[in-house]
Amino acid sequence: VLSRLSELEATLDAGIRHRNKALTSIEFHLAKWMNMVRREKAVYDTLNMLNFDVTKKCLVGEGWCPIFAKAQIQEALQRATFDSSSQVGIIFHVMDAVESPPTYFRINSFTNAFQEIVDAYGVARYQEANPAVYTVITFPFLFAVMFGDWGHGICLLLGALVLIARESRLSTQKLGSFMEMLFGGRYVLLLMSLFSIYCGLIYNEFFSVPFHIFGRSAYKCRDATCRDAQSAGLVKYRDPYPFGVDPSWRGSRSELPFLNSVKMKMSILLGVAQMNLGIILSYFNACFFGSSLDIRYQFVPQMIFLNCLFGYLSLLIIIKWCTGSQADLYHVMICMFLSPTDDLGDNQLFWGQRPLQILLLLLAIVAVPWMLFPKPFILKKLHSERFQGRTYGILGTSEMDLDVEPDSARQHHEEFNFSEVFVHQMIHSIEFVLGAVSNTASYLRLWALSLAHSELSTVFYEKVLLLAWGYDNFVIRLVGLAVFAFATAFILLMMETLSAFLHALRLHWVEFQNKFYHGDGYKFKPLSFASIADDDD
């Protein structure tokens with residue numbers, strides 16, 4: 001019995017060793033086999049979308065391809081025909097289609113993240129202007145306007161450079177959700193940090209501390225008794241500080257009024273410029289699609305309305321900066337609407353300002369019905385002419401009609417619903433008129449976020465670091481330095497970065513893209529073995 005048991009144990013041990021050896025050998029090939037099975041399934045799934053022709057000897061398929069790739073596809077099909085020794089040649093030709101083609105943009109690792117930011121709002125309609133081209137610059141710049149501090153910008157730059165330096169290694173690793181998001185936006189982070197350094201140099205803030213980087217201050221004490229004075233007792237004795245904010249403004253009693261005024265006006269200028277860019281892009285969209293109605297009754301009145309009101313406000317801001325006038329721009333704009341014929345008095349910035357304001361106000365009022373009424377009535381007239389014999393189309397015979405498939409690209413008679421078109425145009429016009437006001441006000445978030453970031457940095461520097469450094473105790477200084485580092489890293493570099501990022505995202509999605517971007521297309525998704533592997537991961 002014992003010998004029998006020992007034989008059974010030896011047999012079981014040999015079976016276990018053989019099984020482990022077989023599983024170990026399979027382990028090296030399992031990933032390759034699974035990848036091969038996934039590819040085969042994807043190929044067969046695509047082939048199942050094709051149809052047999054009438055002879056049942058070949059497959060017929062309809063699909064989309066980029067225009068620049070037609071020659072490559074033909075070459076690949078010919079090579080496949082030759083390699084498979086097929087007796088049936090491959091026919092590749094362009095077909096008409098009723099549905100709109102998908103949208104495809106050629107991107108690389110640098111532009112991919114910016115394109116994803118735009119696509120998160122909506123995929124571009126086929127052949128309409130792509131906002132990502134402009135988002136590459138405007139998005140990190142608006143972020144930096146809110147985040148401007150060249151000390152914090154250097155910290156972000158170091159993080160971005162680390163991610164870019166390890167790009168080849170990190171791209172092949174399995175990352176967590178947070179790290180994957182950071183790695184995917186490494187080039188966005190790079191540009192945001194560079195623009196933050198630039199705006200920080202303009203604001204002259206290094207962790208809220210000003211430096212005399214570009215020369216001496218333009219202000220000095222009037223006499224020896226004003227050494228501790230900030231604003232009172234200082235006089236301007238030389239040319240203005242060459243770049244950015246003069247360091248003497250930091251800590252003065254007039255610091256907040258001065259910086260608030262500068263940043264608020266700068267926010268309006270940037271907002272009006274970006275909204276004008278959006279309207280100009282709508283002009284290029286209309287030119288590309290040959291829509292003269294959109295140019296005459298949408299682009300022109302929108303440009304007139306926006307610039308007669310807020311373009312004029314931007315002009316007043318620039319004139320006030322250049323002339324040093326003490327005019328109250330709030331009073332000027334309010335009087336322009338409520339009492340345009342009254343005398344401006346001390347608020348007049350240039351000769352002929354009052355008649356110019358009356359003219360601009362009248363143009364803005366005229367632009368509203370210009371946007372609203374002509375386009376629906378002209379569309380109705382064109383539709384009635386097209387289907388009442390004034391514009392003739394091709395008459396089809398019975399044989400031609402039999403050949404027409406239900407999904408062919410022949411134009412069919414479509415009902416024109418005037419009330420629907422008019423209501424849509426009315427909604428669009430009201431949205432633009434109200435949006436011109438609300439969107440301009442929305443750009444003031446650039447000023448608000450910049451002020452909040454600057455004040456938080458000042459509080460942590462003065463009330464934490466300097467306060468701890470005032471004690472002659474190593475432990476207190478160390479604790480103060482640790483608290484300052486923690487607040488800088490987690491509040492200013494993480495929470496403030498996320499806040500400025502989201503606000504810049506909103507400005508692009510709502511204030512910029514709604515001027516020209518439809519975003520109702522769909523992506524071109526070809527069969528790709530690389531995407532299959534990514535989906536499985």
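These are my notebook entries from a look through this structure, which is a predicted model.

**Entry 1: Lys 515**

I began with Lys 515, which sits in the loop between helix H17 (474–512) and helix H18 (529–536). Is Lys 515 buried or exposed? I found a relative accessible area of 9%. The cut-off for buried is under 20%, so Lys 515 counts as buried.

Next I looked up what surrounds Lys 515. Leaving out residues up to four places away in sequence, I listed Met 275, Gly 278, Ile 279, Ser 282, Phe 432 and Asn 439 as its contacts. I also checked Ile 280, which is 235 residues from Lys 515 along the chain. The C-alpha atoms of Lys 515 and Ile 280 are 8.8 Å apart.

Then I followed the side chain of Lys 515. It reaches the backbone oxygen of Glu 511 at 2.9 Å. I also noted a polar contact between the side chains of Lys 515 and Asn 514, at 3.2 Å.

**Entry 2: Gly 519**

I stayed in the loop between H17 and H18 and moved on to Gly 519. Its relative accessibility is 18%, so I put Gly 519 down as buried too.

Which residues touch Gly 519, leaving aside neighbours within four places in sequence? I wrote down Gly 122, Val 123, Ala 124, Arg 125 and Glu 128. Gly 122 is 397 residues away from Gly 519 along the chain, yet I found their C-alpha atoms separated by 4.3 Å.

**Entry 3: H5 against H17**

Here I turned to H17 itself and its packing with helix H5 (residues 150–165). At what angle do H5 and H17 pack? I got about 80°, with the axes 11 Å apart. Angles of 65 to 115 degrees count as roughly perpendicular, so that is how I describe H5 and H17.

On the H5 side, I found His 152, Cys 155 and Leu 156 making the contact. On the H17 side, I found Thr 488, Leu 492, Leu 493 and Thr 497. Sorting the residues of this contact by class, I had four nonpolar, three polar and no charged ones.

**Entry 4: Thr 458**

I looked up Thr 458, which lies in helix H16 (residues 445–469). Its relative accessible area is 11%, so I marked Thr 458 as buried. Setting aside neighbours within four places in sequence, I saw Thr 458 in contact with Ser 208, Arg 250 and Lys 463.

**Entry 5: positive phi angles**

I wanted to note some backbone angles as well. Most residues other than glycine have a negative phi. With that in mind, I stopped at Asn 204, which is not a glycine but has a positive phi of about 60°. I placed Asn 204 in the loop between helix H8 (186–203) and strand E3 (219–221). At a relative accessible area of 4%, Asn 204 is buried.

Phe 207 lies in the loop between H8 and E3. Its phi is positive, about 55°, although Phe 207 is not a glycine. I have Phe 207 as buried, with a relative accessible area of 18%.

Ser 85 went on my list too: just after H2, it takes a positive phi of about 55°.

**Entry 6: the length of H2**

Note on methods
Residues are numbered from 1 along each chain as its sequence is written. This is a predicted model: local features need pLDDT of at least 70, side-chain atom pairs count only at pLDDT 80 or more; totals for chains, interfaces and linings use all residues. Side-chain values use heavy atoms; hydrogens and water are left out. Helices (H or I, at least four residues) and strands (E, at least two) are DSSP runs, numbered from the N terminus. Buried means under 20% relative accessible area, exposed over 50%, partly exposed in between (1.4 Å probe, protein chains only). Contact means heavy atoms within 4.5 Å. A polar contact is a pair of N or O atoms within 3.5 Å; within protein, one must be able to donate a hydrogen and the other to accept it, and residues adjacent in sequence count only if both atoms are side-chain atoms. Axes are lines fitted to C-alpha atoms, for helices over the stretch in contact, and angles run from 0 to 180 degrees between N-to-C directions. Angles under 35 degrees count as roughly parallel, over 145 as roughly antiparallel, 65 to 115 as roughly perpendicular and the rest as oblique. Ala, Val, Leu, Ile, Met, Phe, Trp, Tyr, Cys and Pro count as nonpolar, Asp, Glu, Lys and Arg as charged, and the others, Gly among them, as polar.
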